[in-house]
Amino acid sequence: MRPVPLGNPVPLGNPVPPGNPVPPGNPVLPDNPVLPDNPVPSGRSVHVWWFDIRAVSPGAAGLASLDDGERERAAAFAFPADRHRYQVAHVMLRQVLARYTGTAAAGLAFGREPCPRCGGPSGRPVLVPPAGGVPVPGFSLAHSGDMVAIAVAGLPVGVDTEHAARGCVCSLATTLHPADAAWVAGLAEPARHEAIMTCWVRAEAVLKCTGEGIGHGLDGFEVRPVPGGGGPAAAAAVHGCAVREMTAPAGYRAAVALAGAGQIAVQTRRWT
Amino acid sequence: MTAAGRPGCPGMPGSLQLAAVTDDLRAFLASATGRDELRHIPAGTELFGPAVGLDSLTGTLLLREIQRRYGVDVAAEDLNLDSLATLGTLAAFVASRSDPPGPP
């Protein structure tokens with residue numbers, strides 16, 4: 001497992017001492033966590049929860065909260081590290097959403113909206129509203145390397161994070177909108193690499209927010225940031241969303257998109 | 001990249017070309033992800049299912065790399081994307097499409 005320095009400038013969802021990776025198997029979840037209420041963020045606010053999979057053990061109660069589909073998927077991984085990442089991500093997604101809905105983690109039911117582009121079954125994942133008329137938040141889950149990001153909002157939301165330590169990503173430039181690809185092509189390394197990754201996380205956040213996913217391509221809209229003005233996607237709707245980058249743990253980059261226009265206020269939440 | 005993986009390499013028997021492409025894809029996945037264990041995954045491993053947990057960016061890089069190395073645009077040429085099922089089906093698709101056209 002690659003140690004990732006966590007000199008993070010923002011509080012993470014769980015405490016990880018910088019430069020001191022916690023091995024998997026160190027439980028941070030009590031079996032019966034007592035959770036405070038957590039109001040669903042309103043307006044243009046988005047809550048973002050970060051978890052380091054090396055510091056979280058899903059625990060017996062956490063694993064028991066997964067549904068049959070999640071367990072089947074977890075069982076299908078060829079490598080234990082991938083299974084662990086998946087289990088942590090989905091157990092913590094349930095734990096986080098339980099705080100906003102006042103429902104037991106195991107009682108949450110997930111569905112998928114149809115894809116807004118093709119009508120297929122792989123649109124945005126959604127919570128099935130629990131009985132009692134509790135409003136359900138929009139949410140989005142992303143993971144890369146050792147980090148899991150969960151975004152929660154009162155509107156449809158999308159989050160993406162990518163581990164920064166990648167080899168050459170030049171070939172990704174051809175997947176972008178031609179105007180973004182031209183911008184990227186005019187830059188010298190290493191700015192070019194950074195720009196490609198920036199466009200990628202922003203575009204993927206937008207496509208997760210709309211529910212299309214990247215299956216239909218990322219080139220349908222311009223998503224690059226522009227200094228000063230914040231770019232075509234800063235506050236005005238791009239593809240129906242506002243999108244912005246946000247602070248991520250050291251070694252990662254991340255972006256969040258929220259349905260509709262208007263600046264997004266990101267609040268990083270700590271797991272307590 | 002091995003000589004056997006070069007598109008249109010003359011005189012290369014089909015099965016050898018397939019093995020070379022499979023190894024090439026394994027090596028690319030391992031280097032793109034920094035995960036050495038991917039060098040040894042069986043040909044029957046599902047690539048885009050949960051088996052190896054490829055993320056969308058790595059999957060996209062893989063398809064772009066295939067286009068660059070072999071001149072095969074998998075997403076455009078395999079319309080129902082059956083070739084993406086496993087490492088073996090993807091390698092077979094690439095090997096068959098990158099073969100030089102036969103004599104008329």
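Reader: Where does A:H90 sit?

Author: A:H90 is in helix α3 of chain A, residues 80-101; helices here are DSSP runs of H or I with at least four residues, strands are E runs of at least two, and both are numbered from the N terminus. Bear in mind that this is a predicted model: local features need pLDDT of at least 70, side-chain atom pairs count only at pLDDT 80 or more, and totals for chains, interfaces and linings use all residues. Residues are numbered from 1 along each chain as written, chains are lettered from A in the order written, and side-chain values use heavy atoms, with hydrogens and water left out.

Reader: Is A:H90 buried or exposed?

Author: A:H90 counts as buried because its relative accessibility is 16%. Buried means under 20% relative accessible area, exposed over 50%, and partly exposed in between, with a 1.4 Å probe and protein chains only.

Reader: And which residues does A:H90 touch?

Author: Leaving out residues up to four places away in sequence, A:H90 touches A:L66, A:E70 and A:L141. Contact means heavy atoms within 4.5 Å.

Reader: OK, zoom out. What's the pattern of chain A along the sequence?

Author: It reads β-α-α-α-β-β-β-β-β-α-α-β-β-β, with 5 helices and 9 strands. Chain A has 272 residues, and 50% of them count as buried.

Reader: Where's the cis peptide bond?

Author: The cis bond joins A:E189 and A:P190, with omega at about 5°. A:P190 lies in the loop between α4 (178-185) and α5 of chain A.

Reader: Switching to packing. How many residues are in the largest nonpolar core?

Author: The largest nonpolar core has 50 residues, and B:L47, B:I66 and B:L90 have the most contacts inside it. A nonpolar core is a set of buried Ala, Val, Leu, Ile, Met, Phe, Trp, Tyr and Cys residues joined through side-chain atoms within 4.5 Å.

Reader: Which elements supply it?

Author: At least two residues each come from α5 (191-210), β7 (241-246) and β8 (252-259) of chain A, and from α1, α2 and α4 (87-98) of chain B. The largest share, 11 residues, is from α5(A). Apart from that core lies another, of 21 residues, including A:L141 and A:F139.

Reader: What does B:L47 touch?

Author: Not counting residues up to four places away in sequence, the contacts of B:L47 include B:L29, B:I41, B:L62 and B:L90.

Reader: And the interface, how much area do the chains bury?

Author: Chain B and chain A bury about 1600 Å² between them, 59% of it on carbon and sulfur atoms. Buried area is the accessible area (1.4 Å probe) that two parts lose on being put together, summed over both. In chain B, the residues losing the most area to chain A are B:P50, B:L57 and B:R64, together 37% of what that side buries. The contact takes 20 residues from chain A and 18 residues from chain B.

Reader: What lines the largest cavity?

Author: B:D24, B:L25, B:F28, B:L62, B:E65, B:I66, B:R69 and B:Y70. α2(B) gives the largest share of that lining, 5 residues.

Definitions and conventions: 1 Å grid on protein atoms, 1.4 Å probe; cavity = no way out; pocket = protein on both sides within 12 Å on 5 of 7 lines; lining within 4 Å.
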